[in-house]
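Subject: Structure handover

Hello,

Here is the structure I said I would pass on. Please look it over first; my notes on what was found follow below it.

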Amino acid sequence: MLVLPDGIIDHIHVGSIYRRTMWQIRQPMAEFFGTMILVIFGAGAGASVTLSGNPGVAPTSKGDFLSINFGWAVGLAIGVWISGGVSGGHINPARVYEANTRPAYIVAQVLGGLVGAALIYGIYVPAIDIFEGHAVRTKATASIFATYPLDYVPAAAAFFTEFIATMIFAMTVLAATDKKSAIAPPTGLLPLTLFILFIGFGTSLGMQTSWALNPARDFGPRLFLSMAGYGRDVYNFRRQYWIWCPIMAPILGAQTGAFFYDFFLYTGQGILNPNGPY
């Protein structure tokens with residue numbers, strides 16, 4: 001019988017705990033980094049376009065609305081690419097369907113959004129000071145990070161825009177990952193599919209609400225803004241707009257889209273078809 005010194009046994013035990021802990025957190029960390037990258041590219045593009053409109057920041061404008069669309073689309077594609085092989089690349093609480101992973105994923109996604117916004121804010125804070133004035137923080141720059149509707153857009157229209165867009169988003173993701181679909185893209189092309197989809201959302205539905213489509217993409221940065229000098233205004237806007245439009249509308253829209261796809265289009269075994277194909 002081989003007897004190992006106590007120190008070696010302790011070392012093996014500690015190593016086992018470390019590996020087990022790292023294995024348990026790797027999926028939430030993938031969601032964290034994926035969402036962080038989404039916000040870095042998206043908010044970074046928004047900051048570049050918005051702030052460069054001030055001649056004190058840049059001599060010429062550095063883009064337009066399409067540039068912001070591309071920033072968010074690239075962020076989504078890269079975020080899913082990095083996290084997809086580990087956690088499935090949800091990076092969106094509205095897309096998480098596994099009950100056992102939902103709490104950890106949602107927390108990781110919100111924190112990823114918060115950290116992504118903090119990094120972009122730190123990079124662009126000198127430009128924000130020039131754009132708004134030192135220590136002045138208003139919706140003019142808060143909208144770089146969190147979503148706000150245009151002034152004329154009524155509450156119902158804002159809600160419906162986010163609802164219908166996220167419904168289509170969920171149906172597209174399910175169609176693109178449906179193994180029984182004859183035209184489903186290879187798994188490695190899912191980020192490209194989402195990139196194209198997000199460009200479409202931005203150019204067709206994004207003008208009025210800035211297309212949240214993702215509670216973490218909005219709430220994480222909004223949480224950071226409330227700690228960075230923007231105060232309670234980020235929550236009080238339009239009687240808590242932040243709850244019912246960028247959070248509730250995407251969640252309800254995604255679940256509706258999943259129901260429609262499962263009920264009308266999916267031919268495999270699922271929640272609404274537990275016995276498999278007819």
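The second largest pocket is lined by 18 residues, and Phe 65, Ile 68, Ser 143, Tyr 148 and Ser 210 lie nearest its centre. Helix H1 (6-51) and helix H2 (65-87) are the elements that give two or more residues to this lining. H2 provides the largest share, 3 residues. The second largest pocket holds about 310 Å³ of space. By class its lining divides into 9 nonpolar, 6 polar and 3 charged residues (Ala, Val, Leu, Ile, Met, Phe, Trp, Tyr, Cys and Pro count as nonpolar, Asp, Glu, Lys and Arg as charged, and the others, Gly among them, as polar).

Before the rest, some notes on the basis. This is a predicted model, in which local features need pLDDT of at least 70 and side-chain atom pairs count only at pLDDT 80 or more, while totals for chains, interfaces and linings use all residues. Residues are numbered from 1 along each chain as its sequence is written, and side-chain values use heavy atoms, with hydrogens and water left out.

On terms: on a 1 Å grid over the protein atoms alone, a cavity is a set of points where a 1.4 Å probe fits but cannot get out, and a pocket is an open set with protein on both sides within 12 Å along at least five of seven lines; lining residues have an atom within 4 Å of a point. A volume is the space filled by probe spheres set on the points, which are joined across faces, edges and corners. Helices (H or I, at least four residues) and strands (E, at least two) are DSSP runs, numbered from the N terminus.

The whole structure has 1 cavity of 30 Å³ or more. The largest cavity has a volume of about 80 Å³. Its lining has 13 residues, with Leu 38, Leu 76, Asn 92, Phe 198 and Asn 214 nearest the centre. By class that lining has 8 nonpolar, 3 polar and 2 charged residues.

Two helix pairs are next. The axes (lines fitted to C-alpha atoms, for helices over the stretch in contact, with angles from 0 to 180 degrees between N-to-C directions) of H2 and helix H6 (residues 190-205) come within 8 Å and cross at roughly 155°. That makes H2 roughly antiparallel to H6 (angles under 35 degrees count as roughly parallel, over 145 as roughly antiparallel, 65 to 115 as roughly perpendicular and the rest as oblique). For helix H5 (residues 155-176) and helix H9 (residues 241-265), the axes come within 7 Å and cross at roughly 40°, so H5 is oblique to H9. The contact of H5 with H9 has 21 nonpolar, 4 polar and 1 charged residues.

Regards
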